Amino acid sequence: MLSPLSKKSQVILELLAGGDERYGLEMVKAEPKQLKRGTIYVTLSRLEDQGLVTSREVKPDAGRGPARRVYRITGAGERLLEASLAFNTAIAGSVATSIMGGEYA
């Protein structure tokens with residue numbers, strides 16, 4: 001289906017919608033069929049370059065181990081996600097109307 005966002009990008013923005021911060025691997029665990037360890041950070045980096053997400057480094061509580069990056073959706077990301085979801089709904093409705101009551105009936 002055509003969309004203003006790739007499916008991976010849309011899934012990531014949906015997971016971040018509402019303003020919660022999440023780690024990349026946390027998102028992979030939440031959507032293992034759609035997001036993979038090998039591509040999550042490339043996609044997050046692209047979304048950050050586009051201004052759709054922001055990230056910050058978080059140091060571990062005990063001070064041990066490397067710092068990790070958490071991601072948050074931006075206002076622009078929220079608006080694009082909303083537009084993408086509306087677009088997908090409109091296309092699905094248009095296709096259903098064409099098949100059920102229009103030229104293919």
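What is the relative accessible area of Glu21?

A: The relative accessible area of Glu21 is 28%, so this residue is partly exposed. The classes are buried (under 20% relative accessible area), exposed (over 50%) and partly exposed in between, with a 1.4 Å probe and protein chains only. The model is predicted: local features need pLDDT of at least 70, side-chain atom pairs count only at pLDDT 80 or more, and totals for chains, interfaces and linings use all residues. Residues are numbered from 1 along each chain as its sequence is written, and side-chain values use heavy atoms, without hydrogens and water.

Now the partners. Glu21 forms a salt bridge with Arg56; their closest N and O atoms are 2.8 Å apart. A salt bridge needs a side-chain nitrogen of Lys or Arg within 4 Å of a carboxyl oxygen of Asp or Glu. The pair links distant parts of the chain: Glu21 sits in the loop between H1 and E1, Arg56 in strand E2, 35 residues apart. Helices (H or I, at least four residues) and strands (E, at least two) are DSSP runs, numbered from the N terminus. Arg56 is partly exposed, at 43% relative accessibility.

Glu21 also forms a salt bridge with Arg72, with the closest N and O atoms 3.7 Å apart. Arg72 lies in strand E3, 51 residues from Glu21. Its relative accessibility is 36%, which counts as partly exposed.

Arg69 bridges to Glu57, the closest N and O atoms being 3.8 Å apart. Arg69 lies in E3 and Glu57 in E2, so the pair ties together parts 12 residues apart in sequence. Arg69 is partly exposed at 34%. Glu57 is partly exposed too, at 45%. The count of salt bridges comes to four.

What do these strands form? E1, E3 and E2 make an open sheet in that order, with antiparallel pairing. Two strands pair if DSSP finds at least two bridges between them. E1 (22-23) and E2 (53-58) are the edge strands, each pairing on one side only. Two bridges join E1 to E3 (residues 68-73). Tyr23 has Val70 in E3 as its bridge partner.

Helix H1 (residues 7-16) packs on this sheet and touches E1, E2 and E3. Contact means heavy atoms within 4.5 Å.

How values were computed:
Axes fitted to C-alpha atoms, helices over the stretch in contact; angles between N-to-C directions.
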